[in-house]
Amino acid sequence: MRRYIRALLLCTVFAVFSGLYVYSKLFNTDVSAGGHGARRAFIPQRGTGGRRGSAVRVGPQKPHWYNRYIMRQSGRVEGAGSGVQRRPEPPMHLAVVACGERLEETLTMIKSVVLFSVKRLYLHVFAEDQLHASFVGTLESWPDSFRSRFNYTVYSISFPSENAGEWKKLFKPCASQRLFLPLILKDIDSIVYVDSDILFLQPVDGLWDFLSQFSPSQLAAMSPEHEEPRIAWYSRFARHPFYGRTGINSGVMLMNMTRMRSTFFKNDMTRVGLRWEELLMPLLQKYKLNITWGDQDLLNIIFHHNPEFLLEFPCKWNYRPDHCIYGSNCASAEEDGIYVLHGNRGVYHDHKQPAFRAVYEAIKKYSFGSDPVASLLDPLTEELLKTTHTYCGKSNALFTKRLALSLENINRKTPHGR
């Protein structure tokens with residue numbers, strides 16, 4: 001009898017442990033990292049506090065990371081269910097530097113960008129501290145229908161502390177700030193840099209689209225300094241290496257800063273490739289007695305040794321007095337009109353090139369919301385007819401050809417993503 005009782009107890013114990021083993025296997029399968037149960041728990045259901053609490057317990061231990069995950073997952077679920085919601089398209093990024101007397105000129109440039117752009121913009125304005133309040137006050141005063149098209153940040157001028165004075169005085173005040181954008185804006189992938197004396201007569205979107213044309217090695221885009229080597233400055237006067245036949249002009253520069261930060265650049269100082277932050281100061285020390293145009297000359301030297309990193313875009317995207325002062329020599333502008341006007345050498349503020357000044361004054365005086373044809377295009381066309389005694393004025397049709405098409409879209413445009 002005792003023998004049967006012992007056998008029964010052994011069977012009972014065996015059955016209990018077997019049941020516990022099977023239960024534990026089922027439980028572990030349900031809550032494992034790759035199991036369906038965990039994925040369900042990781043997306044809290046709206047209106048069920050218990051599910052949200054359970055998700056917190058089984059989710060990651062870093063709340064900020066977890067909250068971002070929840071937001072992404074919830075967005076996917078809602079988008080999948082409705083078929084309407086989608087992630088907002090990233091904005092285009094544009095940077096400009098303003099020092100000294102450049103406040104009004106820079107604001108006029110920004111007005112031209114906002115006036116014509118299609119996609120949303122993020123503006124990065126680098127300015128001396130005394131200009132910050134004026135930038136903010138003016139930008140915030142613009143009508144909501146235009147103010148809603150962009151966000152912005154105003155930054156202080158910033159150079160490496162050990163050589164700040166030398167960099168700030170190189171060429172025009174603060175102009176070399178552009179060289180340090182990849183090191184300052186570390187979270188930005190790509191950006192359009194423009195000088196303050198730039199005016200857009202066509203949406204900046206077309207310039208931004210050049211990013212999609214970059215080859216795997218290209219990390220920047222600029223236009224040639226000149227179209228004709230026989231009258232180009234670099235091919236006649238430069239005392240340092242320069243890009244291509246005529247050099248490049250850096251007044252309009254498209255940068256893939258992610259690539260710029262990670263690339264090793266060939267140079268004539270060492271056989272070893274140098275990163276962007278390692279390259280700039282040694283380059284300045286070597287050539288500072290031989291450069292005339294400051295940071296633009298340094299960029300020419302860099303891309304002389306690394307031409308495969310640069311994409312050239314046509315001169316219609318960076319049209320300067322050099323393209324018409326001795327007769328028209330920008331073929332792309334002759335065909336399509338001027339897309340971006342570059343009033344270098346102060347031509348917006350003197351009487352040497354009245355056609356350039358006329359465009360600047362027309363955009364500066366234009367009031368947001370007023371009829372763009374009656375208030376901008378017609379007065380400008382009339383003023384340009386007064387400039388035909390100059391070579392650039394004789395090409396006055398190029399100044400309004402693309403502008404007229406851009407103005408047609410202003411009143412039909414709605415802010416992107418609104």
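**Figure 1. Cys 315 and Cys 330 are both buried, and the two form a disulfide.** This is a predicted model, in which local features need pLDDT of at least 70 and side-chain atom pairs count only at pLDDT 80 or more, while totals for chains, interfaces and linings use all residues. Residues are numbered from 1 along each chain as its sequence is written, and side-chain values use heavy atoms, with hydrogens and water left out. Buried means under 20% relative accessible area, exposed means over 50%, and partly exposed lies in between (1.4 Å probe, protein chains only). A disulfide is a pair of cysteine sulfur atoms within 2.5 Å. The sulfur atoms of Cys 315 and Cys 330 are 2.0 Å apart. The S-S torsion of Cys 315 and Cys 330 is about 105 degrees, so this disulfide is right-handed. Both cysteines lie in the loop between strand E8 (310-312) and helix H15 (331-336), 15 residues apart, and the pair links distant parts of the chain. Helices (H or I, at least four residues) and strands (E, at least two) are DSSP runs, numbered from the N terminus.

**Figure 2. A disulfide between Cys 324 and Cys 392.** The sulfur atoms of Cys 324 and Cys 392 are 1.9 Å apart. The torsion about the S-S bond of Cys 324 and Cys 392 is about 90 degrees, so the disulfide is right-handed. Cys 324 belongs to the loop between E8 and H15, whereas Cys 392 is in helix H18 (residues 391-394); they are 68 residues apart, and the pair links distant parts of the chain. Both Cys 324 and Cys 392 are buried.

**Figure 3. A disulfide between Cys 99 and Cys 174.** The S to S distance of Cys 99 and Cys 174 is 2.0 Å. With an S-S torsion of about -95 degrees, the disulfide of Cys 99 and Cys 174 is left-handed. Cys 99 sits in the loop between strand E1 (92-98) and helix H5 (103-116), and Cys 174 in the loop between helix H8 (164-168) and helix H9 (181-184), 75 residues apart. Cys 99 counts as buried because its relative accessibility is 4%. Cys 174 counts as buried because its relative accessibility is 0%. The structure holds 3 disulfides, and with bonded cysteines counted along the chain their pattern is 1-2, 3-5, 4-6.

**Figure 4. The packing of H5 against helix H6 (residues 132-141).** The axes of H5 and H6 are 11 Å apart, at an angle of about 35 degrees. Axes are lines fitted to C-alpha atoms, for helices over the stretch in contact, and angles run from 0 to 180 degrees between N-to-C directions. Contact means heavy atoms within 4.5 Å. On the H5 side, Leu 103, Thr 106, Leu 107 and Ile 110 meet Ser 134, Phe 135, Thr 138 and Leu 139 in H6.

**Figure 5. His 342 in strand E9 (residues 340-342).** His 342 has 2% relative accessibility and therefore counts as buried. Leaving aside neighbours within four places in sequence, the residues in contact with His 342 include Asp 195, Asp 197, Asn 249, Tyr 319, Arg 320 and Phe 356.

**Figure 6. Arg 345 in the loop between E9 and helix H16 (354-365).** Arg 345 has a positive phi of about 60 degrees although it is not a glycine. Most residues other than glycine have a negative phi. Arg 345 counts as exposed because its relative accessibility is 51%.

**Figure 7. Arg 230 in the loop between strand E6 (220-224) and helix H11 (233-237).** At 68% relative accessibility, Arg 230 counts as exposed. The side chain of Arg 230 has a polar contact of 2.9 Å with the side chain of Glu 228. Arg 245 is 15 residues from Arg 230 in sequence, and their C-alpha atoms are 9.9 Å apart.

**Figure 8. The chain as a whole contains 19 helices and 9 strands.** The chain has 418 residues, of which 49% count as buried. Of the contacts between residues at least 6 apart in sequence, 71% join residues at least 24 apart.

Conventions. Polar contact = N/O pair within 3.5 Å; in protein donor to acceptor, adjacent residues only side chain to side chain.
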